[in-house]
Structure formats: C-alpha cells, structure tokens
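Colleague: Could you take me through a few features of this model, giving the general idea and then the case at hand?

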Amino acid sequence: MNIADILFTNAILLTMDNESHQYEPGALAVQAGNIMAVGAEAEVKAAFSAHETIDCGGKILMPGLVNAHTHVPMTLLRGLADDLRLDVWLMGYMMPVEREFVSPDFVRLGTRVAAAELIRSGVTCFADMYYFEETVAQTVAEIGLRALCAQTVLKYPAPDAQSYEESLASAREFITRWKGHDLVIPSVAPHAPYTCTEEILRATAALAVEFDVPLHTHLAETTIEVEKSWREFDMSIIPYVKKQNLFDAKVLAAHCVHIDDGEIHTLVHHKAGVAHNPSSNLKLASGFAPVSKMLAEGLNVGIGTDGPASNNDLDMFEEIRLAAFIAKIVTNDPTSLPAHTALEMATRLGANALHLGHLTGSLETGKSADLILVDLSTLHNSPRFRRDALGIYAQLVYAAKSSDVSDVMVNGKWLMRDRQLLTMNEQDLYAQVDDYARRIDIFLIQREKSVLSKLIAIGGAMEGESFEVQAKVRIADPEPVLKTVKEPEIEILHRRHYLEYDTYFLFEDPNQGTLRYREDEIIDESGKVSNIRDRLTLIGPAREHQFPSDVLLSRSRYLAEATHSHRFYREYFKPSGEVFIQKDRRRWRVLFQGTEFFINLDHVEKPDLGYFLEVKSRTWSRKDAEHKALTATMLIEFLGASTEERVQMDYLEIAEDHPTGGINT
Ligand SMILES: [Zn+2]
C-alpha cells in the first residue's frame, strides 16, 4: 500500500477535469504537494494509507478557483473613484494617485489585503499585473498562494520606472529571478495597446518568448480603444497586436470585449488565453464580451475580478455567477453558459488561460494539490437535489457564497482551516490601510481644489508664454492687412493658415482661470487640411500688467498636449460652463523694426464676430515689454488698422457678451 501525506475522505469530490468526473463519497491523496490519487473513496482508500486522514464531512472538495485577471495591490485604491468612464478613471485618478503613492510598501500592504480576501473566497491561483511586481511575488510566496505575476511595462512614467526601457529591464531581471519558482510564475505585462507603443509590444513579446513565460495584457476592453485603433492603424486591436508579434508569446488577454469572429479565430489559432471580467465590464460599461462564442470556438476563457479599484472586490463566487447571468442575457438564451461551464471557466479553463493548466485548475493525478473545501450545509444552500449530476454545479454557482469556503490548500500546504487564515494575520492590516486612505484623501482634496493641479496631475503640462505683449483690434476689412503685410518694412519669417476650434471650459471660481481645448486644422497652400493639432491651455485669471497704450502683458499660461478627447476633459474637469469659438486664422511670424512679432488675422466665425487683428511678442523684462508695447502699436497702425478699435478682451469675453455667443452651461 502507498503512503500519502494527506488523505481526504468523505467528500463530494468535483474534479473539474475534462470529463467532469465527480465522486460521492470521493477521496484524494496528496504527497509532497501533489495529487497522487483521486477517485471513489473505496478505491482510493484501498490503495493509500496516509500520515493524516481528513474527513471532509460531506463538504465539497474541488480545485481552488483561478482568478484570471487582477491587480492585487489596488485593494488600497478600492472605492477611491467610482462611476467614471474608463479613461477618466484611469488617467484622471488611478495613474496620478499611483504615481504619488505606489511604492514597495504600498504594494506589499495591498497584496496582503488582497491575499486575505482571495484565500477567503477560495482562490488558490491568480494572474496579477502591477508595478513593483517583485514585491507582489515576494508577498504572495510568503503567504503561499500561487500567482502569475506580471511586471507592467507602458509608455508613461510609472511608479517603478521613469521610462519603458527601465521597466523592461526590471521585467527581465524579475523574470530571471523567479523563473522556476514553485508558486510564482513570472510574466511581463505590456499594459494595453493604447498605453504602449509598437516598440513596447514587440519588445515585451520578445522577452516573454526568450524566457518562455506568459505575457499578460489588456486587449479590446472598450469601443473607444477599438475606434482609436481603426483611426490610427486602420485595423482592429487583435490584428494590430498580432502585427507587433504579440502572439509569438503565450498571451493572457484580459477583457477581449470588442472582438469579432475573425479576431476570435486569431486568438484560437495562437492558443491565447482570455480573462473575462464581468463586474469590471459592467461597472465601467465596457460592454459584453462574446464569451459563449469564444468558448464554442475552443478558447480557454477564464474569469477574473479585475483590480479591486474597478470591481470593487475580489469575490470570485460573485464573478462566476455574473459570467453565467451575463452570457444568458446577451444571447437572450437561458441555456447559454450553464453553471457547470461557468465553474470550469473559474477552474480548469482559467488555469489553461494562464498557461498553467499542467499545474493547477483541476483535481487530477500529477497536478498540484491546490484545492478548497466548500460547506454546503448552510440554510442558504438547502435543500440539495441529487436527481441531476449537474445540480451540484448550479448549487455552487447560483446559491453558494464565498463565505461557504472553509478550507484552502495550495501546493499541499494549508492556507486556511475552518475559516482561519494560517499564513497571515489580518488584524494588523486595518490601521495601515486606513493610514493610506487618509493620505490619499488629503492629496486628492488638495488637487481637486485647483484646475491647474488637476491639469498637472494628468501629465504634460508646462508653464509657457507667461510674458507676452499683446494688442488686439477689431477690423472691418482684412484686405489692407493682407496687402500691407507684404510691404518691405515687414520681414516674413514664417506663415501659417489654420482653422481653430476652441472650447473654453469655465469655472465657477474665476481665480481658477479658463481652460481652452483647441483643435487646430492646419491648412496648406492648396487649401487642404494638412495636419491636426490638439492643445490644452490653462489661461490664468488676471492680467499681469496693462500698459497705458492698452497693450497688455498677458496672463499666465500652462500648455499641455491634448492627448485625450474633448469628452475626457469635460468629464475630468467638470466645468460649470463651456463656450465654443471657431475661427479662421492667418498667422505670420515677422520682424518689424527689429522686433519679432506674431501677426494673427482672425475671422471669428462662431459666434459671428467678424475680423480681428492681433499682434503679439514674447518678452523677458518690464523694460523690454514697454518697448515692445510701443512697437506693437506702431505695427497695428502700419497694417492699416485703427487703434481706436482696440479691444482689451479676448474672444472668450467678447463671445460671452455676444447675444449668439454659443454658451452652454
Ligand atoms: Zn485590468
């Protein structure tokens, strides 16, 4: 007779193997962390004795759940910003807070909080993606969970790297250190196509191939992402990343919400795994992934909670149930995604999606002893019908709760017995978590007070053109200007023709200034649009100085590339009103009496305000400004415009006073 370390007996044993074998009563033998035997109790008991026999008392013995996609340290950001669109949530809140707070200490604490929650809800293996993944790996290994840990690489500066080259190098070191570990499977995570460059996608794929480790990423999560891909690359997400050789690697792709049949075939062909995230897709209104189709085509689709900042919990029981429910409503067919399939997704298929199917995901001889006991003897699980063998899966998926999980074992080692965590102490976490919340609250409260700090928080804002003399006059006829600008007294250095579409965001507190979102269409010689440029300018509230000649030294300005959409800025900055101004602008950079000026000849089309002539020059000192202010006046007069028509206001203020000023509040 063989001697095992542990023999489980008297269980409702759900193997979740390919044939869905179940045994009641069933038994399972564990030796050195691996499953030695699994089957009917009488047979296993006949072949094995053990150092320790555990009577399961009629509980369910099944493989531990696989959370196929999450960001565990984000437990510390749970509830920080909710009910926002993905881009505003991610770029406006998560990333700025992460840049400020995420450190190895943060990651360690967040991972510990997550680990407690994961173990309590029956998870034995999860796929993570975050910064300082080294710390996630260390923490997970100490606690004893199994995890695919993916070090994030993206094009923005990250909490753990100034550049993508730096994060790629640390991903390489991380993989080198952890490759071959019992519990931690190292991986690299190009965050998503929209946060990575082609170069990053190629480099991370090459790295994953070199070390033969999985590659974890987000693909086709929102329609915005897919539309952007069509606009920029003239193709959808899956062909785009395929072109960057992503599928040379063993890919685990989270979401895949917006993919078509052809893209599903590409994923099947390249044996990619998919992580379906029902709560996150619902909460962020990302859409409904074609899960039934993907499963029918033979894809390994697992279930993930996504990060606890977008869910907001790590409860896999809830996730499994939602996966089943959503598939039914989407296909308008209650027979879609039955409970048994949903549970397969959360176990064997999930492990396959992580490319760890050889290790975990089902109770089979040779696999690791990653298992849980679930107590169905509670009233909310009663009664139990035995007529249909599939009934037990429905019981687990539709009635059971994560709190019914009583015991959790990973790699043959107990992490929880009778709902007591054995490898970590939860009590010391509360105070530390609250301390982070307090500090993040202070940071965000401070930031939300000012439009400028919000602008800086989303990156790329630069103070610019703070000192500028500026004179503007209203003109009836542009022809004299067009003619005079060619006179020899004016040396033209550069000329441009634009159509400018400006949206001014107004704020209740005038001290916040005005934020201008400008889209420029640059018109070439032939009158066609040759280029489009988006810019964001925060215009300070007060004029710095006004000269007697009505030429003003302009207000402070902060410039940023407008890398997001108009809609993003509206949702992020929440202005109290907006004014839209459209104008046709001819601009010359000229030398006049030894001074460099910009001459702008504007036709304000919306609202219909007519023609304006503006001259501007950068300046460096008060004395220089006084001199330039005088020259500006001379230039205006030289161009044939009357200084009587001088206006001190900018277009925004004129538009506000104008009866058809297009103000919408
Ligand atoms: Zn995610």
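Modeller: Let us begin with phenylalanine 592, which is buried at a relative accessible area of 4%, where buried means under 20%, exposed over 50% and partly exposed in between, with a 1.4 Å probe and protein chains only. This is a predicted model, in which local features need pLDDT of at least 70 and side-chain atom pairs count only at pLDDT 80 or more, while totals for chains, interfaces and linings use all residues. Residues are numbered from 1 along each chain as its sequence is written, and side-chain values use heavy atoms, with hydrogens and water left out.

Colleague: How many aromatic pairs does the structure hold, and what is the geometry of the pair formed by tyrosine 93 and tyrosine 572?

Modeller: Rings of Phe, Tyr and Trp (its six-membered ring) pair if their centres lie within 6.5 Å, and planes under 30 degrees apart count as stacked, over 60 as edge-to-face and the rest as tilted. The structure holds 13 such pairs, among them tyrosine 93 with tyrosine 572, an edge-to-face pair with 6.0 Å centre to centre and 75° between the planes. Because tyrosine 93 lies in helix H2 (residues 86-101) and tyrosine 572 in helix H19, this pair ties together parts 479 residues apart in sequence; helices here are DSSP runs (H or I, at least four residues) and strands likewise (E, at least two), numbered from the N terminus. Tyrosine 93 is buried at 7% relative accessibility, and tyrosine 572 is buried at 0%.

Colleague: Which residues form one aromatic cluster?

Modeller: That cluster is formed by Tyr93, Tyr517, Phe568, Tyr569, Tyr572 and Phe573.

Colleague: What does histidine 564 touch, not counting residues up to four places away in sequence?

Modeller: Taking contact as heavy atoms within 4.5 Å, histidine 564 touches Met91, Tyr517 and Tyr569 once residues up to four places away in sequence are set aside. Histidine 564 sits in the loop between strand E25 (557-561) and helix H19 (566-573), and it is buried, with a relative accessible area of 15%.

Colleague: Where do the buried residues of H6 fall, seen down its axis?

Modeller: Helix H6 (residues 198-211) has 14 residues, and those buried are Ile200, Leu201, Thr204, Ala205, Leu207, Ala208 and Phe211. Seen down the axis, they fall within an arc of 160°, so they line one face of the helix, the arc being that of the directions from the helix axis to the C-beta atoms. What covers them includes helix H5 (164-178) and strand E9 (184-190).

Notes. Expected span 1.5 Å × (residues − 1).
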